[in-house]
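Visitor: I have a structure open and would like to learn how to read it. Could you take me through a few features?

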Amino acid sequence: MGAAKLLALCLVLAAVAWTEGKRPRAVKVGALFDYDSTIGLAAQLAIELAVEDVNADRSVLAGTRLDLITADTNCSGFVGTVQALQLMEKNVVAVVGPQSSVIGHVISHFVNELHVPLLSFAATDPTLSASEYSYFLRSTVSDYYQMRAIASIASYYQWKEVTAIFVDDDYGRGGVSALGDALATKRSRISYKAVIPPDANKDVISDILFKVNMMESRVLVVHVNPDTGLRIFSIANELQMMTGGYVWIVTDWLAAVLDSSKSGYPKNMSYMQGLIALRQHIPDSAAKKKFISKWNTAARKRKIASDRNLVHPAYEILNIGGSVPGLIGYWSNYSGLSVAAPETLYQKPTEYVVKCPTVEHYGVVRFAFSTMFFAHRENTVSGLGRFVLIIWLFVVLIINSSYTASLTSILTVQQLVTGVTGLDNLIASTVPIGHPAGKFIRNYLIEELNIHESRLVPLNTIQDYADALNRGPKAGGVAAVIDEMPCVELFLSYHCNFRIVGQEFTKEGWGFAFQRDSPLAADMSTAILQLSETGQLQRIHDEWLTRPSCSADDSGLGPSRLDLGSFWGLFLLCAMICLFSLGAFFVKISCQYSRYSSSVAAGEPSEASPTSPAVSEVHPTKPKPRRLDSFKDLMHFVDKKEEDVKKEMKQRSSDKDNHGVGSSDTHFVSSA
């Protein structure tokens, strides 16, 4: 870390030297951190090693030496501010630090006036990136990105509510504010905020964790400083909150603690098993490997973006298990959650796949349906065609008549049996009406539909429904029962001899109630929509509200329904006639084609040469038949009209007769 910060400072030092027109022999650089903190101990060692590297390599600053001046903030905002002012009195050209976001907010106003840049290695409050802190730079990652990583983890596991445990200072408040914004983009939220004072003792932390344990959410995000965080897990272990059923997500302070200790805190690790922790990701490089050989804290050279934040911030997602944290994935603002290192994804070009829709044309056979309306207008010449068309129109007539009769019976059978055709008819009558026991439907019928209370009969079970309907209004029963559609369908699944009459008179369905702003409402609506689109909702309805015995039993009030099987005899007759006509047509075409081929062969001229000088004997030659050997010729013959074929055959027969008469005048010449 120190090498990266001081290399960035070299640019500042070079600018100062060139501005003065000469290169100084030594420049003073300040360092502001807490000597006794976990991060401060690591930072002090890193800064000292970096200064040694810069001073040892004369090519870095061309002979200028760095003089390091450190100051202890003592984990106090007031002391840190005083120490920062004292450093600036010593003519430092820049300050490495501060470590705390609280001190960073305070002294940033002073350095703006004194024009002394601050390069912080641990102040991660997102609000420090504001334009008002123009002299504040940082070599670490803003908590803005860390909270986006946590929101991505919550979204991946579909956790809609989390509890935030944070320290009550600029560092904690700024981070949790960024977490709330990041969760909102994933349709999640912080359901409870547990605020821990910076100087909280064990009793205070215990009371806060007890309240957290009473909350509904069991996904806990801990964003505190290292010392407070270790005490939180110790107390949570005593409260049995480190067992199954809890999810603990810890920001990068825990990884900093573990990486800064060779022992890995084995005593504390025993009750931190299963935690999810984040650690800033530093890609492997030569600088990193070289620095690791001198000290076990990873560091590398990084760039500073235009908004004074690091370019391509990335985190490693750790699972605390055993004595060594296990790496389970990465997050970066470039790729989001991934199992591959972010630096490998930066180099891969984005691929765009464009899928062009394919337009396919399908032929539609319309003859069978078109004949229902206008086939009888077509000019059908063939006798077989007329025969087939007559049979098909007869089938259509039977189907149409049966459909009309069936529809009429469906619409009138209920009226003939019960006299109730719908809600308006029921309200206008004086017959008793059944309803489920309770105030909801009873009040609706009285107040909204103006049905007199004396006509209403409360019923408790579906068996009471059946008994009251079977008795009827004349025997102390009811003429109809009004209930919600799911209850009516459940009743009809057991009693197949009853039917629904009329239309639904209200479209207000059932729903699920959630707390205000609950993310579960959107999830439930999405799930119901998916069930409806995939047909699963209808399958659930058929499974629980439809009984096969009712679909098979058709002996009740309802009329007999016609289906495709009711007309199988007509379709079979039509198919047999079509096959018979088609066979007769093929036989007829074959005979005509045979006669036509013979006539063509008979009409061919003789192969004898008419210019022979002398012929001793002439024998009558039999015509050599020529067959139409092409399928195309056959199709051409089929396309011809029957009258044209007969006319052509008759003409060729006449030509043959004329040819025979001419041949009888042939002269025979014998040899002299």
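Guide: Gladly, and let us begin with burial: buried means under 20% relative accessible area, exposed over 50%, and partly exposed in between, with a 1.4 Å probe and protein chains only. Helices (H or I, at least four residues) and strands (E, at least two) are DSSP runs, numbered from the N terminus. This is a predicted model, where local features need pLDDT of at least 70 and side-chain atom pairs count only at pLDDT 80 or more, while totals for chains, interfaces and linings use all residues. Residues are numbered from 1 along each chain as its sequence is written, and side-chain values use heavy atoms, with hydrogens and water left out.

Visitor: Which residues of H8 are buried?

Guide: An α-helix has 3.6 residues a turn, so residues three or four places apart point the same way. In H8, the buried residues are Ile205, Ile208, Leu209, Val212 and Asn213. Viewed down the axis of H8, they fall within an arc of 140 degrees (taken from the directions from the helix axis to the C-beta atoms), so they line one face of the helix. The face turned away from that buried side carries the exposed residues Asp203, Asp207 and Lys211.

Visitor: What do the buried residues of H8 pack against?

Guide: They pack against E6, E7, E8 and H9. Contact here means heavy atoms within 4.5 Å.

Visitor: How should I read a nonpolar core?

Guide: In soluble globular proteins, nonpolar side chains tend to be buried together. A nonpolar core is a set of buried Ala, Val, Leu, Ile, Met, Phe, Trp, Tyr and Cys residues joined through side-chain atoms within 4.5 Å. The largest one in this model has 35 residues, and those with the most contacts inside it are Ile165, Phe233, Trp248, Trp253, Leu254 and Leu275. Elements that give two or more residues to this core include strand E6 (161-167), helix H8 (202-213) and helix H9 (226-238). Apart from this core lies another, of 27 residues, among them Ala151, Val176, Ile276 and Ile317.

Visitor: What is Trp253 in contact with, leaving aside its neighbours within four places in sequence?

Guide: Its partners include Tyr171, Val222, His223, Leu230 and Phe233.

Visitor: In what order do the strands of the open sheet come?

Guide: Two strands pair if DSSP finds at least two bridges between them. Five strands form the open sheet in the order E2-E1-E3-E4-E5, with parallel pairing. Strand E2 (65-72) and strand E5 (136-138) stand at the edges with a single partner strand each, so one side of each is left without a neighbour in the sheet. E2 pairs with strand E1 (residues 26-33) over eight bridges, and Lys28 has Asp67 in E2 as its bridge partner.

Visitor: Which helix packs on the sheet, touching E1, E2 and strand E3?

Guide: Helix H4 (residues 77-89) does, and its direction makes about 180 degrees with that of E1. Axes are lines fitted to C-alpha atoms, for helices over the stretch in contact, and angles run from 0 to 180 degrees between N-to-C directions. Helix H5 (residues 101-114) lies across E1, strand E4 (118-120) and E5, at about 160 degrees to E4.

Visitor: Are the faces of strand E14 covered or open?

Guide: In a regular strand the side chains alternate between the two faces of the sheet. Both faces of E14 (residues 433-436) are covered: Ile433 and His435 are buried on one side, Gly434 and Pro436 on the other. Four bridges join E14 to strand E15 (residues 456-459), which run parallel, and Ile433 stands opposite Leu456 in E15.
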